[in-house]
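Let's take a walk through this structure together.

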2 protein chains.
Amino acid sequence: MSATTSTPIHPVLTNRRSPRSFDATATISNEALLAILEAARWAPSANNFQPWRFHVGVRGDEVFTSILGTLVPFNQSWANRASALVLVSVVDQNEDGSPRPISGFDAGLAVSQLTFEAHSRGQVAHQMAGFDAAKAAATFELPTQIAPIVVIAIGTQGPAEQLEGVLLERENAPRQRKDLAEIVLAGLPN
Amino acid sequence: MSATTSTPIHPVLTNRRSPRSFDATATISNEALLAILEAARWAPSANNFQPWRFHVGVRGDEVFTSILGTLVPFNQSWANRASALVLVSVVDQNEDGSPRPISGFDAGLAVSQLTFEAHSRGQVAHQMAGFDAAKAAATFELPTQIAPIVVIAIGTQGPAEQLEGVLLERENAPRQRKDLAEIVLAGLPN
């Protein structure tokens with residue numbers, strides 16, 4: 001595992017993190033939220049199927065509170081300060097009912113563009129797999145072919161010092177990734 | 001379906017397409033290829049598991065030829081002009097052998113960052129689900145917990161006019177996406 005970036009990449013990608021120190025007083029404009037969703041919308045997908053679906057809550061509204069209630073307690077403890085919470089679900093069946101295993105991958109493409117757009121606008125986005133997908137499906141009465149996959153907290157980053165204990169430790173920990181030689185199984189450029 | 005972007009988003013996302021008109025004379029530098037892989041490397045993933053793996057071929061080398069041979073004929077007909085082909089696979093089991101259904105989504109996050117970095121450098125990237133995953137797994141002797149999911153053609157875009165028939169039609173077709181109201185199931189900002 002190495003935290004160094006050997007080759008320069010786009011600064012938004014270099015600087016992107018998944019923080020937990022959201023500013024509980026910050027709100028997000030409708031314009032920014034629309035642009036962030038629009039960025040997801042334009043992602044590519046196999047056969048242009050666009051299997052991504054979103055439920056969008058703004059802090060204080062009913063959708064936000066419902067999404068927050070699906071998170072594991074650890075995530076609730078910091079995500080309640082986000083300006084918005086987005087539940088991401090995937091259409092994992094074709095129209096004929098056959099499974100569509102590529103849908104999760106395609107949703108990742110869309111969520112990455114959403115995250116990029118948020119960070120390029122000075123917002124931050126933190127994705128969570130730690131939530132109750134069955135509860136989310138029930139809460140929002142999703143049909144069987146639409147499965148919740150991730151929740152994203154979006155907002156303004158505040159001071160790390162508002163956090164305590166393990167939250168503060170994680171916030172200040174360096175980002176770490178496997179070396180390129182571990183993830184490029186053949187053909188790593190010199 | 002609408003092709004208009006109602007809200008401005010980052011220009012790299014606005015302009016990104018998945019072209020087929022690769023310039024068969026163009027090569028990609030090791031520096032650019034490294035940066036493109038580095039961008040994928042820094043994607044977030046559930047529990048920082050980093051389930052993405054890459055085989056990287058440069059036009060003319062053995063890995064490129066092997067990956068090209070796994071594509072469906074339609075994709076071979078244009079992807080042979082790419083400067084590089086990348087086979088993306090996912091580690092879809094945890095270390096204890098249990099399934100890891102979030103891996104495909106996480107791989108999408110990494111591939112999106114790879115694609116963004118390529119386009120921000122003036123390269124283009126076109127993802128394909130149209131390939132023989134079993135043949136790719138056999139060719140590269142992948143262990144059972146690593147499953148091929150997509151192939152990416154990376155290179156320099158050439159003139160569309162080098163294409164013919166359905167390839168040319170698709171190259172010149174406007175990008176289309178579902179309206180935001182179709183993919184945002186609750187909480188669409190005004």
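Which residues in α5(A) meet which residues in α5(B)? Before we go through them, please keep in mind that this is a predicted model. On the α5(A) side, the residues are G104(A), F105(A), D106(A), A107(A), G108(A), L109(A), V111(A), S112(A), Q113(A) and F116(A). They meet G104(B), F105(B), D106(B), A107(B), G108(B), L109(B), V111(B), S112(B), Q113(B) and F116(B) in α5(B). Sorted by class, the residues of this contact are 10 nonpolar, 8 polar and 2 charged.

Now look at how the two helices are arranged. In chain A and in chain B, helix α5 covers residues 103-120, and the two axes come within 7 Å of each other, crossing at roughly 50°. An angle between 35 and 65 degrees falls in the oblique class, and therefore α5(A) and α5(B) are oblique to each other. The crossing in which α5(A) passes α5(B) is right-handed.

Step back to the whole chains next. Chain A can be superposed on chain B by a rotation of 180° with 0.0 Å of shift along its axis, and the RMSD is 0.0 Å. This is the relation of a two-fold axis. Both copies use the same surface, as 100% of the contact residues of chain A recur in chain B.

Helix α5(A) also has a partner within its own chain. Helix α2 of chain A, residues 30-41, packs with α5(A) at an angle of about 145°, and their axes are 7 Å apart. This crossing, too, is right-handed. From α2(A) come A35(A), I36(A), L37(A), A39(A) and A40(A). They meet A110(A), V111(A), Q113(A), L114(A), F116(A), E117(A) and A118(A) in α5(A). The contact of α2(A) with α5(A) has 10 nonpolar residues, 1 polar and 1 charged.

Finally, find I102(A), in the loop between β2 (84-91) and α5 of chain A. Is this residue buried or exposed? A residue is buried if 20 or more other C-beta atoms lie within 10 Å of its own; I102(A) has 20 such neighbours, so I102(A) counts as buried. If you set aside the neighbours within four places in sequence, I102(A) is in contact with A46(A) and, from the other chain, A129(B). Along the chain, I102(A) and V90(A) are 12 residues apart, and their C-alpha atoms are separated by 10.0 Å.

Terms used: Residues numbered from 1 in each chain as written. Chains lettered and ligands numbered in written order. Predicted model: local features only at pLDDT ≥ 70, side-chain atom pairs only at ≥ 80, totals over all residues. Axes fitted to C-alpha atoms, helices over the stretch in contact; angles between N-to-C directions. Helix = DSSP H or I, 4+ residues; strand = E, 2+ residues; numbered from the N terminus. Parallel < 35°, antiparallel > 145°, perpendicular 65-115°, else oblique. Left-handed = near helix turned anticlockwise from the far one by under 90°. Contact = placed C-beta atoms within 7 Å. Nonpolar A, V, L, I, M, F, W, Y, C, P; charged D, E, K, R; others polar. Least-squares fit on C-alpha atoms with pLDDT ≥ 70 in both. Buried ≥ 20, exposed ≤ 12 C-beta atoms within 10 Å, placed from the backbone.
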